[in-house]
Each structure stands twice: as C-alpha cells, then as structure tokens.
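The stops below go one at a time.

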Amino acid sequence: MATTPPYLDSDHPNPLSLASSRLPEDTVFYYIYPDNSLSQDSLQSLHLQILNFISPFTSSYIWQHEPFTLSISFHPFPHLRGHLRFGDNLNDEWFTVFLLFQISLSFPAVSIQVHDSDGEFLLIESAYHLPRWLNPENSQNRVFIRRGKLHIIPKRSLPNPTLTESLNFLIANEHITVAPDSVQSVIQSRIAGYPEKAKQNTHRVRVRVPVSVAHVLKHAPSLISLAVEGFYDRDIDSMKHAAKMERFLKGGKEEEMVTVAVKMSRAMYAQLMRQKFQAPKCYPMPNRADMEAELGMKIACGFEMMYQEKRKEGEEGKGSSWKKYLESLEKSGYFKGLIPGSQEYKRLMENAEEYYRNSSLFSKTSEMLNAPVRQIDEILSLPYSADDFKNQDIPPSDDDSWLYSGEDELNSALEDRQKEMELYELKLKKIKKSKEQQDTGPSSSSKGEDFDLGDLVKTMQGFIHKMSSYEGAEVPKDRDSKEVELDVDCFIKDMESVIKYQGGEDVAVDMDDEEGSSDMDFDESEDGSDISDHNEDEEDSFVHSYSDAMDTELKNTTLTKSFIHANEKSVKNEGTSAAVEDKDEEFTPVDVDVNLVKNLLDSFSTQQGLPGPTSNLLGLMGIQLPKDDKEGK
C-alpha cells in the first residue's frame, strides 16, 4: 500500500515531479517533431529508422558520459526526444548537433529543436550575426533545424509563439524562416569536419590492467567513460571501495596483469593524466611504475568505484533523482528546521524514503543504475584468462603532445573570436554611418550650398537675447515656471554704491569705516541727486580711463588677429601701409556674426562627425549642420 506523499498540498507541488523535471547541468536536449501526427506504430518505425541512420556515425565513437539516444514521447503530441550529458567534452555536444543536421537532411518531414543548460546555444554561437530584435527573452519556440538549415520564426509574424504555432508556421512558410547566410555559415563552420573530427578527438593508449578489467573492456569498450567518471568524481566513500578492490581484484596482488590498448576521448585521457592518485595497498604495482601501469591502476580503481557505487545506489534507488527529491523536500520546509539525526527528523526521513521507494521514479532510477552493474556481471560471468590477451600485436600509444600544446589552440580560438568581434564592430559602424547619412542627407556640395548661414546667426541671436529663467539657458518648453523678478533700478544703485566705495578708498584714504559703509544704505535725502550726478561723473571717468588702458595693453598682443573685423576686407584691398598703421593704432569693430559662424563651424569640424557641444546645442534649437566634406581628406 502506497503511503501518502509527505508535505504535498496545493501550495507545495510533488517533489518527485520537481526532481525528475530539473535540468541537469552540461546537458544537451533535442526534440524531433514529425510534420504530421503519427500513430504509435508509425512513430516507432520513425524511431528505428533514425537510429539505424546514425549508427554508422556513432558506432565507434566514445562518448564522455552517455551515448546519443532517442525515446518516444506523446506529450504534448507524438514526437521523439532525448538528452545527452557532455560534461567537460564539448565535442560531444557539437557532434550531437552534427547528427541532428544530418537527420534533418535525410528526414525532410521533421523539425528539430535543440538547446542545452545555457539555453539556445546555437544562437549564442552566432550572436554577432543575429537580427537585433532576437534576444534570450523572446527566443523560445523560435529556433529550429529543418532540411539541413537553421530556421528562426520572425517576430513580426508570431510575437509570442507557442510550440504548435511555430511548427505550423515553419511548415507553411519554410522559405521565409531560413536564418541569414552569416548565421548558417557560423553554425556550419562549427560542425564542419564531423564525423572525421569526432574520430580525431579520440586517444588510444597502452595500459596494464587486471585481466578482469581487460575482459570487460574487450566486450564493452564504451564502459571506459563510466570508469573514468568514477575515478574523476571520486569522494571519500567511493575511495573506500578502491582500497579493497573486491570486484576487479579478487586475487589481490596475485591477480594476473595484462597489457591492452584502450580507446577514450581526449578529455578522458586528460582527466586521468592530470590527477595524482596513489595506488591502494592491495593493488600489484611494479617496483618501478611506468605510465602504462599508472594509467591502468587509475582505470581499474575507477571501474571498482563505479561498480560498487552503482550497485549500492541501484539497491537503494538513491541516485541523483533521490538527491534532487531530498533537496526539494528541504526547500519546501518538510523537515521543519529539525536537526539532522533527531528522532523527529529520522521519522520524517523514513516516511520520505518509503514514499520514494513506492514511486515509479524509484523503479526507473534503480533500473538505470543497475544497467552497467548487470552488464559487467554478465561479462565477468563468461570464461576468461590472461592467455586471451597474450601474443597480441598491441599498437603503441598515440602522441599526447596535444595535451601540452593547448595554448596554441586556445590562442587560435581567441583570435577567431577577436576577428569576429572586429567584423561585428565594423558592421555596426557602417550601419551607424549609413543612418547618419540618411538623417543628414548626402554630404554633397549642393547640400552645403542650400544651407543658409543667416538662419544660424538669427537663431543664435534669438537664443542669446532670450530672457532665461533662474535655471539658466534652456530650450523653451511648455511650462508655468515663475520668472525671477529683478528691480533694475535697485540693482544699478547697488553697483554704483560698490564703485563709489572702491573709488572713495583711492581718493580719501583716511575715510573711516563707518562713512564708507554708509554708502550701502541708499538714503532718499533731498540732495541725493547731487550725489548721483557726482557718482556718474566719477564712473564715466573711471570707465574711459580703464578702457584706454586695456586698449593700450591689447595692442601689444595677438588677440586682435583671432577675430574677423568688419572692415578687414577693405583693408586688404587697399594694401597700403598707412591703412595697416591706422588699423594697429585703433581697433576696428569686430564682426560678431561672422565670428560666431566661424567659431561654430570650426568647433563642429573638430567633432569629426561625433557628438559634441556644437551639434548638441544646435540640435536643441532645431538646426542640423551638413556633414563636413573635408573630413578625412
């Protein structure tokens, strides 16, 4: 009788469903959707046809963790699906993409989806070539493989597509969903060279192992991936099994050792080589250990740890799904914050374990974990001896210089990415330049001739003479802001008082502070007009003398040459020395309008087409200067 699932109500979903639906890391997922809804028999037939088709590509390939598989699913509609954990070996993922493209070419009436733990990794790979509207937020149900091409459902056609809508649209409008050629080129270059590239990723090495391990590898060479995984992911508990070697070293140090050639992926070889591991005391290592013996010891210990852990987990049914199930219970508050090991905690744990053992997930997990254990037991039940591996021509180990020259490969990959980034930035610059030309029009001489500089002067004069608010100069806006009230007469009197005070210090040094400060009182006396007239005379005298002194000082500088004067043209036409002397003796009026336009144009030219103060200021006033034709010449 099945027990009631613990802590299960409307607010807390079934932890088992959460455990089974959680996406593992470093895993690629793929789905094959037939164009028409197929019956179970037709779907099974398609399943077998696809597996037979890819068999020549995968028969001799060593996968990092698990092989390419397909299963039948009827939710939400009949289709084939599968997933493959690639771990540290990215070649497994891209080999899977190659297989999916080949399937789409040989079976044109199917559409294929593929993604991994990071999302739409095909879009990530071709990120520099995608349409600007496409991003991770709106890419769901948009990317498919069909007839050997990558397809993207346009946003304008289906803003928020469901899977069914996307598949129907793809079948009916296949010609408009094909991704750009640049995207296709990036993906095809990534999978170019397969399946030969997959073979190049393998590494053959000579190792010296117990005869039981050699017998297993002879009949099931693909189990090397589980052995390397068991060694690489070992922990304290699994290393206890390696210390005993109960399954693969029953004879102890008297166990016969043989030399065999083992084929594995380069990633597996690197994992074995890069980890130091001391041989267990019961393992028969030669007095002077060589590389063959050391690698063989690591593989044998990996087989032992993998076998014992799988057997234990298979009996208990507590694989990764149990761990995820337990994590779900803890997050949902099932253990109520109790201390592990307490009586109440143990009771809740027993209830959870009982429910888990009675679930369908337990039987599936147990069967899956027991599969390699049963396979090894069946192989070891067959008769074997060391004589089976003697007098064999064993090829030498492959050259492993690639393991120490990865820097060149990394630099090459980085250079390719750098070139891709540079091309992308160049493309953006061209688009920006084209957009600017569309906004400003063609940079032709006719455009410059049509531009009226008089309008520029009038606009600037209007801007300068406009009465601004206390917030400063700004573009006029529709607002009801209160203007600052300024009493002009009072302000002038204040300024006159300051000037008189400063002038009084020069005329009468012995004036005391109280008399000087009284000038700030502005008393409305009867003789105030006399004082005002006296102040005006002193102010005029001061201004004239100050102006004369400034003119004399500036005559000896080059300041006058930095401005364009009103009669400069006539002076140049006369060409007489007398005119030049007259010009030096007395400053001629400055042409404010011409200088304004000249300075604005000079400032705009130095911007070199980039944003700057001149273009920003004139843009606020609705003026857009034509492009400088001399730029870059």
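Predicted model: local features only at pLDDT ≥ 70, side-chain atom pairs only at ≥ 80, totals over all residues.

Residues are numbered from 1 along each chain as its sequence is written, and side-chain values use heavy atoms, with hydrogens and water left out.

**Stop 1: Asp35 and Arg146.** Select Asp35. At 24% relative accessibility, Asp35 is partly exposed. (A salt bridge is a side-chain nitrogen of Lys or Arg within 4 Å of a carboxyl oxygen of Asp or Glu.) Arg146 lies in strand S5 (residues 143–146) and Asp35 in the loop between S1 and helix H2 (40–58), so the pair ties together parts 111 residues apart in sequence. Helices (H or I, at least four residues) and strands (E, at least two) are DSSP runs, numbered from the N terminus.

**Stop 2: Glu174.** Now pick Glu174, in the loop between helix H5 (163–172) and helix H6 (181–191). Glu174 is buried, at 18% relative accessibility. Its side chain makes a polar contact of 3.2 Å with that of Arg146. Another, of 2.7 Å, joins the side chains of Glu174 and Arg147. (A polar contact is a pair of N or O atoms within 3.5 Å; within protein, one must be able to donate a hydrogen and the other to accept it, and residues adjacent in sequence count only if both atoms are side-chain atoms.)

**Stop 3: Arg206 and Glu292.** Which kind of contact do the side chains of Arg206 and Glu292 meet in? They meet in a salt bridge (3.1 Å, N to O). Arg206 sits in strand S7 (residues 202–210) and Glu292 in helix H12, so this pair links parts 86 residues apart in sequence.

**Stop 4: Gln308.** Stay in helix H12 (residues 291–316) and select Gln308. Gln308 is buried, at 5% relative accessible area. A polar contact of 2.9 Å joins its side chain to that of Arg311.

**Stop 5: Lys390 and Asp387.** Here is another salt bridge (3.6 Å, N to O). Lys390 is partly exposed at 46%; Asp387 is exposed at 55%.

Notes. Buried < 20%, exposed > 50% of the residue type's maximum accessible area, 1.4 Å probe, protein only.
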